[in-house]
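User: Please take a close look at one part of this model, the contact between two of its chains, and at the fold of one partner.

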Amino acid sequence: MSRRLRLWLLAVGGAGVTALLVAAGLDLPSFGGPSHPYGDRAVRASLARHTANTIASVNFDQRAYDTLGEMGILFAAVLGCVVLLRQARDEHRAEPEPAEVARPVRRYALIVLPVALVTGIYVVAHGQLSPGGGFQGGVVAATALHLLYLGADYRALERVRPIGLFEASDALAVCAYLVLGLTGVLAGTAFLANTLLPYGTFNTLASGGIVPLLNAAVGVEVASAVVVLLAGFLDQAVEIEEQQGS
Amino acid sequence: MADAVIVVALLLVAGSATAAVAVRDPARQALVLSVLGVALAVLFTVLQAPDVGLSQLAVGSALTPLLIMLAVRKVRRCGRTGDETR
Amino acid sequence: MNGWILAATVVLAGGGAAVLWGVTSGPMSRRVVAQNLATSVACPALLLLAQGYDRPAYVDLALLMALLGPIGTLVFARLLAVDLAGDRPRAGRESPACRANDGNFASGPAAWGPTWAAAALGAGVVVAVCVATGPGRAMVKLLVTGALLIGGNVIASRALSGGFEGVRGG
Amino acid sequence: MHVLPYLVAAYIFLAGCYGLATSRNLIHAVGCLAVCQSATYVLLLAVGYRDGATAPVFSDLKPGSRPVVDPVVQALTLTDIVVGATVTAMLLALVLQIAKRHGTVDPDELRELRG
């Protein structure tokens, strides 16, 4: 297909989609309207279960099954990346050269690294109370680890990052989520039903029943997944080279 | 008048999305994408979705740019060795 | 619509336009500076919005922004070190172009003018919001956010002006 | 104002599609796909917004004291962002494989290589 034909096809398809989208947009309930039946019910259910952050309640209690699917996607994607980015037979690892980073930058990275780790853990731990949760905190904690690469060099990062451990904790966190769901079945209710633990006092760390536990499982899974993912990309970009003259 | 901040955030998102498409060099596009991530996070805040804003910040400001830049670097290296052997 | 939200709107409109203009035109060095500026514009705006909506919980967003924004800039400074070094005027030699651009938004990777302007904006906003909140745990969080924002901003500018010159391929 | 967010979402989606179709570099195409995906975030959150409301997070708010926006679409958007990030990572890994096998990431050149 020539470039011109492709552009024409795009123009025709784009015009059609534009017409449909505009028609749909004009017919949607107008922006900022007062009618949100599902939202009101979700808020009521969340308050009944003493979860202050309704979004966490929706994610890990009312629609916890969806989050299981999301974790599955994340797990599968990481698996796929690890397979795609593995070291092929015609490649070899070149030791990366040590990098000299300006001293203020290095110092900043080393100071912010623990701050970012603590912030990540804080965001995960308060997921059922204030904005945040397993996903956000996990990404922050994993990003924090990579400050070592930015502030020093790749070898420094490799020393504190046993990749096998992170792969194992990734899998274990997914299993923990499943097991937590299955205990609901064993206790005589439904899969991932929030009936296992007492709901606790509203707006305290131990409130929300099973929500904080699922939150922690997702946090660990996401943090390990991001570390493994970035390890694959960093290996490719920094270390692995094609065999010369092959 | 109360919606002025929403309109500004929407326009910022639309503008940075246009720029992200129009900038053709992947390394420069990564810069625009990280600005788009920040603009989206601000939009989510004014739409009263701080949870979503947090996750957009976490993904958009550091993770996605890092992934794209590493891919760019690897592709550049592949291209270089490919040219040498050819 | 109160004064805080109005201030946030003004900061977002002005800063956002400058960032968009900077990040889409000019040499690589200028684009990276604009990307860094995005953090230092958005973070005060988020603080103002948190105060305007009367929701202290929204400060978490500004905290994360102040934490991750400079990390993002460091990523670019590190992985674009070669391109940025190409743009940079020779150190130690005062070329006329360099002097003309000094402290200007459109200047080389140093661009200390906007850096200090953004730092002043951040400091002003943090002080104003602190005064409005009063002492307490919320104020400590605000001060940490402010310190991270200004420190990160300055360090990111430092990194852009040759922080990764010793990096070769690693 | 009543339809502006929906129209912005539609515009972002179409702009991303245009970039995707005219891209000369697969990494750039992946970035355009990320732009397309951000249209869905805007649309979902716009549907859930309510005038004068605040976030349904009650750590610093007495329940019932202020109207709140729809939490269900926010949870959906959260999932959307996670999936978007993983899709980006996965596609970039595929692009790296293509670059290794063929030495180019230009879709047109790749088509010629295939014959």
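Analyst: The account below turns to the interface and then to one of its chains. This is a predicted model, in which local features need pLDDT of at least 70 and side-chain atom pairs count only at pLDDT 80 or more, while totals for chains, interfaces and linings use all residues. Residues are numbered from 1 along each chain as its sequence is written, and chains are lettered from A and ligands numbered from 1 in the order in which they are written.

At the interface, 41 residues of chain D are in contact with 43 residues of chain A (C-beta atoms, placed from the backbone, within 7 Å). On the chain D side, two or more residues come from each of α1 (4-22), α2 (26-48) and α3 (71-102); helices are DSSP runs of H or I with at least four residues, strands are runs of E with at least two, and both are numbered from the N terminus. The most is given by α3(D), with 15 residues. By class, this side of chain D has 31 nonpolar, seven polar and three charged residues (nonpolar: Ala, Val, Leu, Ile, Met, Phe, Trp, Tyr, Cys and Pro; charged: Asp, Glu, Lys and Arg; polar: the others, Gly among them).

Among contacts in chain A between residues at least 6 apart in sequence, 71% join residues at least 24 apart.

How values were computed
Two residues are in contact if their C-beta atoms, placed from the backbone, lie within 7 Å.
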